[in-house]
Amino acid sequence: MPTLELRTGAAATGRAAASRLPSGKVVFVDDAAPDEVVEAEILEERASFARARLVRVVQASPHRRRPFCPLFGSCGGCVWQHFDYPRQLEEKRNLLTRAMQRSGFALEVGAVRRSPSEVQCRSRARLHADPEGGALGFFEEGTHRIQAVSTCPMLEPALSALLEPLRLHLGVLRSLEDLELNLASEGALVLAETEDDEPLDALARTLAALSGVAGVVLRGGQTEAGHGRRDGSQRVATQFGEYVVPVALGGFMQSNSGTNALLVGEILALVEEFGGAGGTVTELFCGSGNFTVPLARRGHRVDAGELAGPSVEALERAVAAQGLPVTVHRGDARRFKLPQSKVLLLDPPRTGALEICSALTNQTAPVVIYVSCDPWTLGRDSAVLATRGYKLARLQAFDMFPQTAHVETVAVFVG
Ligand SMILES: C[S@@+](CC[C@H](N)C(=O)[O-])C[C@H]1O[C@@H](n2cnc3c(N)ncnc32)[C@H](O)[C@@H]1O
């Protein structure tokens with residue numbers, strides 16, 4: 001295939017930067033950084049875009065840098081390592097601006113709040129095992145092939161140090177599927193899923209005795225074995241104080257505890273600014289209480305809804321232990337009958353909260369605080385809220401996932 005010279009613009013969500021072919025069609029150049037001149041070979045041309053391979057960097061972006069992880073290019077985990085952190089934040093700001101503008105909001109998003117650390121910051125990981133069960137790792141970019149990982153520079157060191165010991169011990173299983181790790185204050189919580197039913201109990205005991213492990217659950221084909229803790233706690237320190245929030249094995253947890261503390265602080269400040277001190281809050285998609293516990297400790301009464309059993313149970317235990325003014329409702333948020341409160345806090349999964357937003361009015365919820373991990377579904381749902389009479393009053397993005405295209409956003413709507 002002939003090559004051609006291209007100037008790149010924005011970074012794509014994968015390990016590529018976008019450019020345009022002479023015809024005007026968008027082309028994604030793998031391994032290119034934003035803002036550079038490259039020689040590229042077209043690999044594939046489809047109706048609406050093309051893909052190209054980097055042959056040579058002609059004029060490097062001032063933001064280009066050497067990736068710090070030796071697995072960059074094969075592991076699909078951290079695809080933006082080849083340009084610097086300030087540029088990553090700028091790309092996320094632009095991505096969110098584009099998503100909001102596409103949904104009809106003529107605004108320029110402000111600076112993304114940086115992660116306190118751009119490496120060794122992930123306090124949670126989901127790993128996969130290869131079909132023979134010999135390797136643990138992350139998926140290669142865009143595939144379900146496993147890239148074996150024995151240490152990871154993005155994981156908090158206490159989790160990274162466990163990867164190899166866990167792999168060695170779990171090797172006695174004939175099959176191993178997924179492995180979930182969460183770092184709680186007491187140590188790591190380990191959840192492994194396998195088809196096997198033996199030797200689960202003895203293995204769970206061995207893993208729970210590893211240094212740095214607080215609890216283990218092994219889920220087999222028919223049975224389950226656990227040793228140590230099934231939930232732990234995370235100390236979230238914000239400018240408003242320190243909160244002990246439950247971490248549930250098998251439930252959702254924010255993955256970067258440093259950025260999470262900033263996010264929790266922002267939610268506390270916004271609830272007080274828009275809802276007043278000590279008011280009631282309705283919270284949907286509450287997980288195991290990342291926002292619920294701090295809000296309740298700040299004097300708010302919270303009605304909190306969540307679907308996942310392990311998260312609900314961990315939150316109920318924390319509410320009882322800490323004597324918090326929280327009612328936990330287990331069920332589908334879309335079927336939840338909203339109690340009267342001034343503030344509705346939403347933190348849905350990537351798919352967003354379209355059905356809920358479509359049914360809101362300023363009578364049911366005068367203030368909506370929406371935490372989003374996907375700019376495109378946030379844009380879509382914001383446009384729906386605008387048709388329901390809400391005005392966008394605040395928008396702030398956070399970096400929960402350095403070295404990737406993911407961006408976390410908090411938006412406030414006032415009816
Ligand atoms: C992005 S997480 C946020 C959790 C929590 N706010 C936090 O910060 O840790 C989304 C949560 O929504 C829950 N969830 C997903 N679909 C749901 C549904 N239909 N109804 C209620 N909860 C749901 C998930 O189990 C998960 O805990």
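User: Why does R297 count as partly exposed?

Analyst: A residue is buried if 20 or more other C-beta atoms, placed from the backbone, lie within 10 Å of its own, exposed if 12 or fewer, and partly exposed in between. R297 has 18 C-beta neighbours inside 10 Å, so R297 counts as partly exposed. This is a predicted model, in which local features need pLDDT of at least 70 and side-chain atom pairs count only at pLDDT 80 or more, while totals for chains, interfaces and linings use all residues. Residues are numbered from 1 along each chain as its sequence is written.

User: What is R297 in contact with, leaving aside its neighbours within four places in sequence?

Analyst: R297 is in contact with Y243 and L324, where contact requires that the C-beta atoms, placed from the backbone, lie within 7 Å.

User: How do you know that the span of helix 5 agrees with its 19 residues?

Analyst: Helices are DSSP runs (H or I, at least four residues), numbered from the N terminus, and the expected span is 1.5 Å times one less than the number of residues. Helix 5 should therefore span 27 Å, and its end C-alpha atoms are 26 Å apart, which agrees. Helix 5 is followed by G276, whose phi is positive, near 90°.

Terms used. Helices (H or I, at least four residues) and strands (E, at least two) are DSSP runs, numbered from the N terminus. Two residues are in contact if their C-beta atoms, placed from the backbone, lie within 7 Å.
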